[in-house]
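This report goes through selected local features of one chain. Start with the view below, then read the sections in order.

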Amino acid sequence: MKNQLSIIGDDIGSNLLERKIVDKTKTTTYKIISKDVREFHFIIPYDERVELGQIFSIKDYSVKDDEITFLARVTDIQHDSNYDGKWDTTLKGTAFYDEDQIFNRVVAEPLGCITFNKKMGKKEFKKSKTIPLKFSEVEKASLDEFRFLTEKMGDLEVGYLRNGSQVVEEIGVKLNSEIMDHHMGVFATTGMGKSNFMKVFAASCMKKASMGESKLGLLLADPHGEYLMGSAKNNTKGLLHLSEYKNGLRCYSTNNKNAKENAEVETLKIGIRDINPTDILPLFGEWRPAQKEAIEIMDSENAADWLESFKENRELVIKDIHEKTIEVIKRRLNLLLRYSYIDEKNSSIDKIIKQLKEGKVILIDMEGIKERSELFLLSLLSRRILDEYQKDSLDNDKNTCLIAIEEAQRVLGGGDGSISGFEIIAREGRKFGVGLCAITQQPKLVDKLLLSQFNTLVIMGLGDRNDRKCLEESAKQDLTTLDVEIQTLEKGEAIISTLKVPFPIPVTIHLYEDYIKQLKEQDKDLNRSSRGKKLVRPPN
Ligand SMILES: Nc1ncnc2c1ncn2[C@@H]1O[C@H](COP(=O)(O)OP(=O)(O)OP(=O)(O)O)[C@@H](O)[C@H]1O
């Protein structure tokens, strides 16, 4: 009887054991334990460390013909235990016990899944529409699992993929020049690496242009005079230091001294006939409605020589406009004509537009000029560029163009419309292949509708909650779960959300000074390997 019972007991026991143990690996850590399609949870030993932003992979081979690997990014890490209430955190007594009952709970957001259909022999990355089998194993994502990203990348390298704070050097992050007319925004608190990013981006554009492979003309205006030669004070280098690819760069400066000292720099000239009456609006402070109206009347007359004739006789005839209003405009026009870059005979604009169409990087160095003068120049150049691109809008093969504006909140705030040329580009530029690259530390000051036109977002450390909120609301990809990560980004770290890449990617942006060293090395290798063969480069 006893034997029989014990056999039954054993049977029951083994049955129970079989029923209970779903996972026989004898560990509960690094296994999916909950929660839903949008959020996975797993636990790790209390003394092990994972980081926000780190990417894990979860393999699920429960469906016969498919191998699914989910990728998920850590969005939160919490202290947790098997005890209800606050047993493990109540500070009473002399020691903490039960280390096997306490752990860290990791919350991860699914990025998507790589499915491998064994029958078809095909691997694909898709959004995940299901959850991994419960207790599926969680591992640190391997290089192989990131490889699919390389197919999604464009042609302009800006950095390496980042996994938590680890750099994955094997996966270069490249932006796509063909979608730059869908506008790009570069956002970061001061000192977090905006200028460095722009120089790295420009260097990649220069490389492409120099090799005759560019599909994008980049207009880079630099009010601080740091892109040309860098800054000795901050020990940074400029675009001219990338001499190997200088064929892809053209520099203009409003500062005569820079042009004299540097054979590669031309003095910027704005021809008197390039200027339309409405172009002068950003150049001076407030305009009264009557003054604006007068300027619009002048503009509607479409007289190409209006400023020339004013220069000659210093008189203005505007029908039905009060004398005092005309006096103000005359005074302001006299001031305009004293700007050193205004020229009666020569103009750099047609040349700049031609070079942009060839896919070159155009650097407009505006060192030392006043803010209003900078905005006047930029808005005039942008208007002319848009007009010219509009003319050949039927040419589908032409290069796109990107106009970069520093402190973009000044001109994209959706204000009174006086400098709305940039807003027109943000709204309509893409139809003609002209994009805006807005660089700002305060995206919250950019008009929300305009912000939503930006299809590539380069987000570096942003401390202000309202700035992050604005971006989250207007981004094409969901950034809400990355809020904490964006707050904790270090200098040079970024999240990039862009078209054709399936999720916002964590990036370590190259440090410009290191990147140009790397490009110079690559150029040497290229020359070495082509010795014997004739290396054909486009003419200077
Ligand atoms: N990708 C990077 N890797 C390493 N260090 C970086 C990186 N980007 C920027 N830095 C460091 O941060 C400093 C400030 O960078 P940068 O001038 O680009 O910031 P910024 O956002 O343009 O600042 P500001 O708003 O003041 O113009 C650089 O001099 C450099 O030391």
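## A leucine in helix α12

Leu-451 sits in helix α12. The model is a predicted one. Is Leu-451 buried or exposed? Leu-451 counts as buried because 25 other C-beta atoms lie within 10 Å, and the cut-off for a buried residue is 20 or more.

Leaving aside residues up to four places away in sequence, Leu-451 touches Pro-443, Val-446, Cys-470 and Ser-474. Leu-489 is 38 residues from Leu-451 along the chain, and the C-alpha atoms of the two are separated by 22 Å.

## Helix α11 and its cover

Helix α12 (448-451) is also among the elements that cover the buried residues of α11. The others named in that cover include α10 (371-391), β17 (400-405) and β18 (434-440). Which residues of α11 are buried? They are Gly-421, Phe-422, Glu-423, Ile-425, Ala-426, Gly-429 and Phe-432.

Helix α11 covers residues 421-432, and its end C-alpha atoms are only 14 Å apart. A straight helix of 12 residues would span 16 Å, at 1.5 Å a residue. Just after α11 comes Gly-433, with a positive phi of about 85 degrees.

## Ligand surroundings

How many residues surround the ligand? There are 15, and the closest are Gly-193, Lys-194, Ser-195, Asn-196 and Gly-492. Helix α4 (residues 194-210) supplies the largest share of this shell, with 3 residues.

Sorted by class, the shell around the ligand holds 9 polar, 4 nonpolar and 2 charged residues.

Strand β4 (residues 66-81) pairs with strand β3 (residues 55-60) in the antiparallel sense, over 6 bridges.

## Annotated domain

What does the UniProt record say about residues 157-385? Its unreviewed entry annotates them as "domain: Helicase HerA central". In the model, the end C-alpha atoms of residues 157-385 lie 26 Å apart. This span is 35% helix and 20% strand.

Note on methods:
Residues are numbered from 1 along each chain as its sequence is written. This is a predicted model: local features need pLDDT of at least 70, side-chain atom pairs count only at pLDDT 80 or more; totals for chains, interfaces and linings use all residues. UniProt positions are given in the numbering used here, feature names are shortened, and annotations may be inferred rather than shown by experiment. Helices (H or I, at least four residues) and strands (E, at least two) are DSSP runs, numbered from the N terminus. A residue is near a molecule or strand if its C-beta atom, placed from the backbone, lies within 6 Å of it. Ala, Val, Leu, Ile, Met, Phe, Trp, Tyr, Cys and Pro count as nonpolar, Asp, Glu, Lys and Arg as charged, and the others, Gly among them, as polar. Two strands pair if DSSP finds at least two bridges between them. The expected span of a helix is 1.5 Å times one less than its number of residues. A residue is buried if 20 or more other C-beta atoms lie within 10 Å of its own, exposed if 12 or fewer, and partly exposed in between; C-beta atoms are placed from the backbone. Two residues are in contact if their C-beta atoms, placed from the backbone, lie within 7 Å.
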